[in-house]
Amino acid sequence: MAKLPAFPGTSGRRDWRTAFDAIRKLMANGDDTTQVFRIMRALNVGNGPKNYARLIATVEGGRLASEHVELAERFSDRAFVRQFAPGTVGAAYRAFLETTGYSADGLVQVSKIDSDDQVAHPYAWFGRRVRDTHDIWHVLTGYKADESLGEACLVAFSYAQVGGLGWAFIGGAAALKSLSVTRNTLFARAVWEGYRNGRRARWISGEDYLALLAEPIESARARLGIVTPTAYLKAQHVLGAELASYLSARRDLAATPELAN
């Protein structure tokens, strides 16, 4: 595979000071999504050229790169999301948005701390593509987005799929901290399973997402090689909602309902 040049203006060096500062803040409050993008910017050096080269190495990927669709714009269009039939990936994504209250626009706003993500460049476009499909990966894999466990597992899955040391840094930190918080290895084993499942699956970033959303979700999972995350489901069941979301400040509100009112 051809090696493409680095992102213009970048030093090619990882910023470990920023990464450690951000991971401390993220481990203190897993809802602080801003820290995720700080870590990605600090550690995912060279990741853009590598993944973009992989995309354009295929005819289908070349077409997607040429069309240069901004997925956040499509996913934020309610009429677009409403069109998908029951049982499809798109319908499952629509249900995800309705139940979580999340949105493609929300990720866009949080990610704006990273100016490189907003520039008109093919690598930045691919980075936005990974960002904008994150919640669809939640839908496809079955990892919940509103719990620490599900996010950590998807982070590990993402590292296996697209590389980037930032993903591994976050997943590893969450798994390591879970050993002392949960006093067992279930959380960490589920994160490791997420990585293995990501290695096993097809490269999802090369998919035509506008077509994928119209596919029956079980057929799409089978075609993409996305398997049932058994270790995750076991950890989720045994740990319960509080320990499965040990990084989230919102778990405290859930435990004390009167504080949420």
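**Note on the predicted model**

1. Helix H10 is followed by Gly 142, whose phi is positive, near 90 degrees. This is a predicted model in which local features need pLDDT of at least 70 and side-chain atom pairs count only at pLDDT 80 or more, while totals for chains, interfaces and linings use all residues. Residues are numbered from 1 along each chain as its sequence is written, and side-chain values use heavy atoms, with hydrogens and water left out.

2. The chain has 17 helices and zero strands; helices (H or I, at least four residues) and strands (E, at least two) are DSSP runs, numbered from the N terminus. Of its 261 residues, 47% count as buried. Buried means under 20% relative accessible area, exposed over 50%, and partly exposed in between (1.4 Å probe, protein chains only).

3. Among contacts in the chain with a separation of 6 or more, 74% are between residues 24 or more positions apart. Contact means heavy atoms within 4.5 Å.

4. H10 spans residues 134–141, and eight of its eight residues are buried, so this helix is largely enclosed by the rest of the structure. The residues concerned are His 134, Asp 135, Ile 136, Trp 137, His 138, Val 139, Leu 140 and Thr 141.

5. The largest nonpolar core holds 70 residues, and Phe 75, Tyr 93 and Leu 140 touch the most other members. Helix H11 (residues 148–162) gives the largest share of this core, eight residues. A nonpolar core is a set of buried Ala, Val, Leu, Ile, Met, Phe, Trp, Tyr and Cys residues joined through side-chain atoms within 4.5 Å. Leaving aside neighbours within four places in sequence, Tyr 93 is in contact with Phe 75, Val 81, Ala 104, Asp 135, Ile 136, Val 139 and Leu 213.

6. Gln 161 lies in helix H11 and is buried, with a relative accessible area of 3%. A polar atom of the Gln 161 side chain lies 2.9 Å from the backbone oxygen of Gly 198. Not counting residues up to four places away in sequence, Gln 161 touches residues including Arg 54, Trp 137, Trp 203 and Ser 205.

7. Is Glu 218 buried or exposed? Glu 218, in helix H15 (residues 217–224), is exposed, with a relative accessible area of 52%. The side chains of Glu 218 and Arg 221 are joined by a polar contact of 2.8 Å. A polar contact is a pair of N or O atoms within 3.5 Å; within protein, one must be able to donate a hydrogen and the other to accept it, and residues adjacent in sequence count only if both atoms are side-chain atoms.
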